[in-house]
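Work through the following exercises with the sequence and the model side by side. Each task is followed by a solution that goes step by step.

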Amino acid sequence: MSQFAINLIFVGGSFLLYIGIAIWAKAGSTKDFYVAGGGVHPITNGAAIGADWMSAASFISMAGLIAAGGYANSTFLMGWTGGYVLLAMLLAPYLRKFGKFTVPEFIGDRYYSSNARLVAVICLIVASVTYVIGQMAGAGVAFSRFLEVDATMGLIIAAVVVFMYAVLGGMKGITYTQVAQYCVLIVAYTIPAVFISLQLTGNPIPGLGMFSTHTESGLPLLTKLNQVITDLGFNEYTADVDNKLNMVLFTLSLMIGTAGLPHVIIRFFTVPKVADARWSGGWALVFIALLYLTAPAVASMARLNLMTTIYPDGTASAPIEYEARPNWVKEWEVTGLIKFEDKNEDGRIQLYNDSEAFKAEADSRGWEGNELTVNRDILVLANPEIANLPGWVIGLIAAGGLAAALSTAAGLLLAISSAVSHDLIKGRFNPNISDKGELMAARISMAVAIVVATYLGANPPGFAAQVVALAFGIAAASLFPALMMGIFSKRVNNKGAIAGMLSGLTFTLVYIFVYKGWLFIPGTNNLADTPENWVLGISPLSIGAIGAIVNFAVAFVVSNATEEPPVEIQELVESVRYPRGAGQASDH
Amino acid sequence: MSGHSYDAEQYWKANLRLIFGSLIVWALVSYGFAILLRPMLAGIGVGGTDLGFWFAQQGSILTFIVLIFHYAWRMNKIDEKFGVHEE
């Protein structure tokens, strides 16, 4: 059977499963549509959060980032998991107790202000739209690589499938498809990793394998990797970083941003009790960790595999001849994601770090520049081919990559459409809308959101590449502090919260725009985005944490200078702190 | 809740104490062991590298899981002790 047919079976099979779930889990009320009826088991919800959270970036790009950056890029691993500690202790249980449908709704009620709610809606939409474009584009790329269709066509197929289960089922349909998608993506990610770990170290658990002995050389795997890459002029894989302040702030921004992302928070509204919200935080992280503990192993092992493929007789000997390159290199060359240029015309592939420090060594070996460029994103997708795994594993990876992209897209689309139908249409324009009318409004909002996301996925605007800066920056600097203060302080009032959100947001966006261009328009940046120009060495990607501090500080100062919140608001804060009565609160 | 205001206050303090303790561990393993204290821990080897690297790529995540389950378990007990749990 051809690889194309295998891929088609895996992807087609998984899509049929999702559509089957869509038909089974149809939403009958707004409660079904927004919070899946509120009866989701905490372990089920944990798996759904896992799929909701792990996007095309986690599945496809993260291991490549770590492979390229080594220790320095551990920030993504800690940042994108540590946020769940904040979520499970500082937000999720209390927001579940509050028992409403959306994140802006809490902000609007707690700060007794429809303007605060509107600010939250805008933050939510900007963060989620930026995020969803990347998912749709990722789905398109996965389609074009594995199913040989045009990326736009692939995108439309993906959108139709999401349309079926998200418009019909809302959160209910999304929850159960996310559970299925979690299973698909975790199996797809783990199987090749286990095989590679076995091949290199004999240890079947990749997270342990990366710290054990490399069978072929008898050295610890990471020692071997450090040796091979430093021989070729690269930095040590495990090398420490100099700018620790930036590393701390970047990790903190990712953590706070993770905790403040509405599409993750609303998943906690689907469990029956406050205690379940706490448990599902733990289960979510277990399911997420299965991938996140494997990713660094995939990163180090794939990097070593790549190097030994190019230098089969060791780094001191000549690299392989271009004609003798393995099949997977040929296949990825077709996509343009691997590029070879024979600069010294010796017919061999020189892969090394083209730096000043390594120039003498390169000259003495007759090398005239690095000849192979490998796009970081192919690492996970090409993994099974690099390790010579059978064709069905490749089919699995295709289905897994699509599951990761679509599950996150659906969660984001729900966050967007519920903000539109519940916070804007019902909350602002038509408070007397019936439940049926609101359900219809929610479905239409979802359909429109899918169309917009599909269009933007096919024609990504410049800001779409700035997910980390924009989505996490906004969530960290505006939403997280407002939510946390709403629970942990009775003193913060409407004026303080709005001033805090706006100043945190403005501060963060200005700092990002100064380096990345105003509204990300190329050429409009005031300073070049290089470490020498950053204030105190803080990168624009790390500024969200400072933005959060600005938000907290401004909110406290303004609140203390103005009147106390009304008594009924202080009672609302009391009530979200105590779990008893959560069941009744949600039936409104 | 007004009739139990004293208990309610104690309950909230117990929650804050538990959160505070958990976040100290949360910060220690990630910002501490994995980043700022890594040079100090460089002497402790783990499979070809040092303890700080292990915490950065494995240990902190494993600790986060333990922290959340510990928090959920303890908090659910505290809910019952103060009688604010759900039936």
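This is a predicted model: local features need pLDDT of at least 70, side-chain atom pairs count only at pLDDT 80 or more; totals for chains, interfaces and linings use all residues.

Residues are numbered from 1 along each chain as its sequence is written, and chains are lettered from A and ligands numbered from 1 in the order in which they are written.

**Exercise 1.** Determine how chain A is divided into domains, and describe the side of domain 1 that touches domain 2.

Step one is the division itself: domain 1 of chain A comprises 3-301 + 389-586 and domain 2 comprises 313-384, with bounds that come from an automatic or database domain assignment. The C-alpha centres of these two domains of chain A lie 35 Å apart.

Step two is the contact, in which 22 residues of domain 1 of chain A meet 15 residues of domain 2 of chain A; two residues are in contact if their C-beta atoms, placed from the backbone, lie within 7 Å. On the domain 1 side, helix 4 (56-69), helix 8 (151-201), helix 10 (221-231) and helix 18 (391-429) of chain A each supply at least two residues, and the largest share, eight residues, comes from helix 4 of chain A. Helices here are DSSP runs (H or I, at least four residues), numbered from the N terminus.

Step three is the class count for this side of domain 1 of chain A, which gives 16 nonpolar, four polar and two charged residues. Ala, Val, Leu, Ile, Met, Phe, Trp, Tyr, Cys and Pro count as nonpolar, Asp, Glu, Lys and Arg as charged, and the others, Gly among them, as polar.

**Exercise 2.** Describe how helix 4 of chain A packs against helix 14 of chain A.

The axes of helix 4 and helix 14 (residues 295-310) of chain A come within 8 Å and cross at roughly 55°, where axes are lines fitted to C-alpha atoms over the stretch in contact and angles run from 0 to 180 degrees between N-to-C directions. Helix 4 of chain A is therefore oblique to helix 14 of chain A, given that angles under 35 degrees count as roughly parallel, over 145 as roughly antiparallel, 65 to 115 as roughly perpendicular and the rest as oblique.

The residues that meet include A:Met62 and A:Ile66 in helix 4 of chain A, and A:Val298 and A:Arg303 in helix 14 of chain A. The contact as a whole divides into nine nonpolar, no polar and one charged residue.

**Exercise 3.** Which residues does helix 7 of chain A bring to its contact with helix 19 of chain A?

Begin with the geometry: helix 7 (residues 114-146) and helix 19 (residues 435-458) of chain A pack at an angle of about 65°, with their axes 8 Å apart. Helix 7 of chain A brings A:Val132, A:Ile133, A:Met136, A:Ala137 and A:Gly140 to the contact, whose residues, counted over both helices, are seven nonpolar, three polar and no charged.

**Exercise 4.** Characterise the side of chain B that touches chain A.

In total, 38 residues of chain B are in contact with 43 residues of chain A. Helix 1 (5-36) and helix 2 (51-81) of chain B each supply at least two residues of the chain B side, and helix 2 of chain B gives the largest share, 17 residues. By class, this side of chain B has 25 nonpolar, ten polar and three charged residues.
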